[in-house]
Structures are given as C-alpha cells and as structure tokens.
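Please view the sequence and the structure before reading on.

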Amino acid sequence: MRTLLENNFDRERSLSDLLNNIDQKKLHGSLSSLLGEDMRLVSGRGELIFGGEAVASGSMPISLCGEFEPIGYIQGMQVDAKARSEACISLLELLLCSAKQYYMVSDLHVEATHADYERLLQKNAALLESEARYKALAENLELRVAEQVKTIENAQRQLYQAEKMASVGQLAAGVAHEINNPIGFISSNLNTAKSYVEKLKAFIDLFKAVQGGETLLAEWNNNNMDFVMEDFSELLRESAAGTERVGRIVADLRGFSNIDGADEEQADINHCIRLACNVAAGNVKGHAEIKLELGDVPSVHCQPGRLSQVFLNMLLNASQSIVEYGVIKIQTSVEEGMVLIRISDNGAGIPEDVLPRIFDPFFTTKEVGQGTGLGLSVSHDIIKSHGGRIKVASKQGLGTTFTIYLPAGV
Amino acid sequence: MAEFDEQQNKLTIKLVYYGPAQSGKTTNIMYLHNYLQPELKGEIMVLETQNDRTLFFDLLPLGFKTATGLLVKFKLFTVPGQVAHDGTRKALLSRADGVVFVADSQCSQGTNNAEAFENLADNAGRVGLNFETLPLVVQFNKRDLPNIFTEAAVRERWQATKWPLLFSSATLGDGVCETFNALLAQVYVSMDRQYALQAKYSLDQVAFIHAVLGNALAGAAL
C-alpha cells in the first residue's frame with residue numbers, strides 16, 4: 001500500500017522534496033541577507049536542509065507551516081527581528097506552496113497521460129482485433145464467393161448436360177418407341193415369311209417329282225429358280241439379322257441415355273465401354289480401329305449412362321484427333337483397388353500450352369460451332385462425382401492417353 | 001481508500017466533486033473555503049484557466065484533531081468537467097473516499113448530466129472503486145437560474161436510487177453545506193467501518209461532522 005501511495009500526485013511531500021528544484025545556495029543567501037544574519041533550514045524531523053553549520057541550534061526555531069503541521073523550521077533568527085522573520089517565513093511558504101502546486105500538477109499530468117495512453121492502447125488493441133476479424137471475414141468472403149461461383153458454374157454445366165441428356169433421352173425414347181413397333185412386325189413377318197419359304201420349298205420338291213412336268217422343270221431351271229429359292233431364304237435371314245441389329249441399336253441408345261435404368265446401380269464398366277463403342281461406331285468407322293483390351297474388373301457403383309457418356313466423349317475426341325487412320329485402344333484393369341480405364345490414341349496429341357486447360361469449362365480448340373467446350377469438363381465432373389479422377393498424358397504428334405480411376409465396388 | 005498514517009496518527013480522507021463542465025464544482029468548494037471555520041483549514045489551491053474552466057483540479061484541505069490525538073484531514077478535490085480531460089478525472093477519482101456529483105439543473109444540460117454520471121460510474125469501475133458502496137451525494141445546482149428542471153421532476157427521476165439528493169445555488173451558498181453534510185454523514189460510516197473511529201478514537205458521527213462544519217448547519221437535521 002505504501003509503495004502505491006508514494007506515487008500519488010497528492011502525496012505528502014517533504015521539505016527537501018519541495019525544494020529539490022530550487023537553487024538552495026541562492027535561497028540561503030537571500031534569506032540570510034533578509035534576516036541580516038546566517039540562518040539554517042531544517043526539516044520537520046530536524047534534518048538539515050541548508051544553512052550554516054555554525055548557527056546555534058539552540059536559538060529560537062520558527063516553524064514553517066505545511067498544510068496543517070509544521071513541515072520544517074528556520075533556525076538562527078533573533079527574537080527581536082519579528083517582522084523580518086515573518087517576512088522570511090511568508091516568502092518561504094509562498095515558494096513552497098507554488099512548488100507543491102507545480103509537483104502536484106505535473107504528477108497528475110503524468111498520471112492522466114498514462115491513463116489516457118493506457119486507454120488508447122486498449123482501444124488500439126480492440127481496433128486491431130476488430131480489423132483482424134473484418135479482414136478474416138473479407139478473406140473468407142472472397143473464398144466463399146469463389147466457392148459459390150464454382151458451385152453455380154458446376155450446376156450450370158450439370159444443367160446443360162442434364163438437358164442435353166434429357167433431349168437425347170427423349171429423342172431416344174421417341175425413336176425407340178416408333179422403331180420398336182415396325183421392327184416388331186417386320187421381324188415377326190420375316191419369321192413367318194421364312195416358314196412360308198420352307199413350305200414353298202417342300203411344294204417345289206413335290207412339283208419336281210410329278211411326271212410330265214418337264215416343260216415346267218425346264219422353265220424352272222432356265223430361270224435359275226433353285227438359286228432364287230436359296231437366296232430368298234438368305235435374304236430373309238439377313239433381313240432378320242438386320243432387324244435384330246436395329247433392335248439392338250435402339251436398346252443401346254436407350255441404355256446409353258439412361259432413360260430406363262435407375263440413377264445409381266452396380267454396373268459393369270466393360271459393358272458401359274462396349275455400349276459407348278457401339279454408339280460411336282458410326283463416327284469412328286473410317287478413322288480408326290477400336291481395340292478393346294478389357295480385363296476382369298469388379299462392378300462399379302455408378303450412373304452407367306453418365307459413364308458411357310464419358311467414354312463416348314473420349315472415343316469421339318480420340319477419333320477426331322486422328323489425322324489419317326489410327327488405332328484407339330481401350331484397356332481396363334484393377335490397380336490399387338481402383339478400376340482403371342485407359343483410352344489411348346495415336347492421333348495428333350494435345351499442344352503443351354493447351355494441356356493444362358483442357359478440363360476448363362467452355363475451353364475448346366475446335367472451330368466456332370463445332371464444339372461446346374464442355375465435353376472434357378463435363379467428363380471430369382462426372383468422374384469426380386463418382387469419387388474418381390482423370391489424368392491426361394499427351395505428346396504432340398504421338399497421341400494422347402486418358403487414364404480414368406474409379407473406386408471399385410460400393 | 002483513505003490514507004492512515006499510524007506513525008503520525010493521521011487519517012487523510014479524499015473527497016471528490018464530480019460532474020459535467022461548469023456545473024459549479026469549484027463554486028462549491030470556494031464557498032466551503034470561505035464559510036467553514038474548522039480547526040484546521042489549509043490554503044485553497046485553484047487551478048483555473050482564464051475562462052473559469054478547471055484545468056487540472058481545485059484542492060481545499062480541511063482538518064481537525066480529536067481529543068484522542070487523531071488528526072483527521074480532508075482533501076476536497078474538484079475534477080475538470082470537460083469531456084476531453086477524462087484521464088485527469090480518472091486520476092483524481094482514484095482512491096476517493098466520497099463523491100459529490102454536482103449536476104446542472106438547467107433544462108439544456110440534461111444530457112450532459114447523464115453523460116457525466118455515466119462517466120463517473122465507468123471511471124469508478126476503472127480505478128477500482130466499488131460504485132455500489134462508495135459514499136455518494138447528488139446535488140442539483142443552479143436552482144437560482146431560469147429554465148431549470150423542477151424539483152419534482154428531478155426527484156421523480158432520482159427517487160429510485162439510494163443516493164441522497166440535494167438542491168443548491170452554490171453562488172448564493174444555498175445547499176452547499178447541506179450537501180457536504182450529507183456526504184460527511186456517509187463518509188463517517190465508511191471510515192468508522194474501516195478504522196473504528198468510534199471504538200478507537202471515541203469519535204462519533206455528530207462530532208465528526210461538527211468538527212468540520214461547525215455551526216454552519218445550525219439546527220439542520222443529519
């Protein structure tokens with residue numbers, strides 16, 4: 001408590017404290033000449049502040065009033081010089097009062113300044129803190145906005161893709177429906193026609209065996225009717241095969257556009273690849289040979305329609321990159337628990353400066369109107385949404401290899 | 001926190017006149033200086049700028065000695081009311097043993113009073129005083145001026161609080177001693193609790209107040 005109080009601006013100050021900044025020699029001189037003889041000043045406790053050693057301590061001490069109590073004494077004054085002594089005391093008291101005021105004010109000023117400074121420091125700290133908070137918020141905001149933009153872009157792409165898929169699906173469903181009916185009666189009719197031909201053949205054999213039918217037989221042979229009958233059967237068989245193929249294409253189209261299947265299912269990746277190859281066949285034919293090296297891979301929990309779309313994209317890109325006639329190789333295998341699909345071509349390859357951007361949305365190297373710039377970007381999204389990843393390696397003039405990793409099983 | 005010097009048998013009590021700018025804090029202690037005749041009265045120290053504004057503080061030392069030899073010393077301080085001098089106000093308020101809040105009765109000063117009182121409460125907290133137990137008196141000064149809040153309005157406003165409410169015209173001297181009296185009554189209780197004034201020094205509340213106020217409040221009830 002003492003130490004605390006010692007620093008108070010209004011603490012009691014001793015005589016020597018108050019006279020600290022005053023030229024004591026000068027003061028002593030002035031007082032002595034005012035009194036007309038040597039004097040000395042002692043503190044309330046009797047300690048010498050200044051003045052002559054020789055002054056008799058026995059001579060009449062006069063007290064110097066502090067606030068209430070004597071703060072010190074002047075020794076060496078003569079009893080008969082009362083007026084001068086009083087003047088002396090008065091002067092000293094005025095001096096001390098002024099010194100006290102000065103010390104109090106300066107100490108208070110220091111205290112107040114310190115308090116203000118402390119407050120400023122606190123305010124500054126609070127401001128810094130809030131600044132940091134806002135800064136973090138701002139940074140966060142930018143990040144959040146970027147995230148939102150990304151989400152919106154993604155959604156946009158997905159929507160674009162979904163609409164595309166929907167229109168393909170609708171078209172496929174419509175075509176499938178329209179084609180399935182005629183295919184149905186064509187194939188049924190063809191079967192009936194086949195049995196009719198067999199019946200006809202049996203009758204012809206009978207006619208051939210009948211006596212007296214030489215002219216008829218000659219005419220038969222003249223018209224090469226045996227070949228006609230044989231070819232007739234063959235034509236019907238081929239037509240039936242053709243109808244079956246049309247039926248299969250329609251089924252593939254339906255499977256590809258995923259209009260039948262549930263959204264997610266366990267699917268055979270190899271099957272998806274074959275489906276994509278069938279759909280792409282028309283485009284690839286004449287550009288490249290497709291070589292399938294499909295390994296024994298586990299089924300993948302996926303949206304098969306979407307994966308087929310990816311494979312189709314890859315195949316079409318590969319085929320477009322081939323200048324004259326090339327090979328597109330599709331391999332599947334299992335690597336570190338992932339199903340790996342590698343699609344490589346020996347086409348033109350991708351220029352180095354373009355390579356880092358190929359998965360960017362709306363980036364395309366094709367002529368305006370030729371490509372949407374969404375193929376690889378959407379493929380990338382689809383693979384990512386399946387928990388997989390896609391890698392590309394390319395060398396200009398040698399070809400490109402896309403490697404897709406998909407998590408196996410559920 | 002009063003300062004008790006056992007060696008010199010001296011108790012120093014710090015009282016502070018707080019309030020908005022120009023509400024009459026200095027006028028209060030000037031009047032006390034001129035009017036009171038306690039056993040011991042020091043020189044008043046007034047530190048005003050040219051336009052009557054307290055820059056640092058005013059100080060009036062008062063005191064008395066009990067028959068048992070205890071020197072009781074009062075230091076009456078005023079604070080600068082201007083908002084800018086908050087650091088000074090805080091330093092002056094620290095270790096105060098009692099406060100008179102001098103409010104300006106003029107209708108135009110309502111906001112200033114409220115802000116100054118809030119500032120008093122805030123600063124009391126900052127310098128470690130318990131505002132709930134701190135002896136405090138509220139004085140509405142300048143009752144002699146026109147356009148002032150009515151007594152009824154002020155009472156209604158303050159009746160919910162536990163602090164004594166007084167009305168004064170410090171320039172005329174009305175209510176100044178009454179205010180000081182009300183403060184001393186509270187301060188005595190607090191000092192007696194801390195330093196056992198009654199038990200150790202046979203100093204009771206009446207004697208305590210009388211030693212400072214003398215007959216200034218002749219006939220006034222405590």
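Ala196(B) is partly exposed, with a relative accessibility of 26%; here buried means under 20% relative accessible area, exposed over 50%, and partly exposed in between (1.4 Å probe, protein chains only). Ala196(B) lies in the loop between helix H5 (176-195) and helix H6 (197-201) of chain B. Helices (H or I, at least four residues) and strands (E, at least two) are DSSP runs, numbered from the N terminus. The phi of Ala196(B) is positive, near 50 degrees, although the residue is not glycine.

Most residues other than glycine have a negative phi. Gln22(B), which is not a glycine, also has a positive phi, of about 55 degrees. Gln22(B) is located in the loop between strand S2 (10-18) and helix H1 (25-35) of chain B, and is partly exposed at a relative accessible area of 45%.

## Basis of the model

The model is predicted: local features need pLDDT of at least 70 and side-chain atom pairs count only at pLDDT 80 or more, whereas totals for chains, interfaces and linings use all residues. Residues are numbered from 1 along each chain as its sequence is written, chains are lettered from A and ligands numbered from 1 in the order in which they are written, and side-chain values use heavy atoms, with hydrogens and water left out.

## A buried asparagine

Asn113(B) belongs to helix H3 (residues 110-126) of chain B. Asn113(B) is buried, with a relative accessible area of 7%. Apart from neighbours within four places in sequence, its contacts (heavy atoms within 4.5 Å) include Pro20(B), Phe101(B) and Phe140(B).

## Helices H1 and H5

How do the axes of H1(B) and H5(B) cross? They come within 10 Å and cross at roughly 95 degrees; the axes are lines fitted to C-alpha atoms, for helices over the stretch in contact, and angles run from 0 to 180 degrees between N-to-C directions. H1(B) and H5(B) are therefore roughly perpendicular, a term for angles of 65 to 115 degrees. H1(B) contributes Asn28(B), Tyr31(B), Leu32(B) and Tyr35(B) to the contact, and H5(B) contributes Val176(B), Cys177(B) and Phe180(B).

## Between chains B and A

Chain B gives 31 residues to the contact and chain A gives 22 residues. Three salt bridges are found across this interface, a salt bridge being a side-chain nitrogen of Lys or Arg within 4 Å of a carboxyl oxygen of Asp or Glu. Lys73(B) and Glu12(A) form a salt bridge through their side chains (2.3 Å, N to O).

Technical notes: Parallel < 35°, antiparallel > 145°, perpendicular 65-115°, else oblique.
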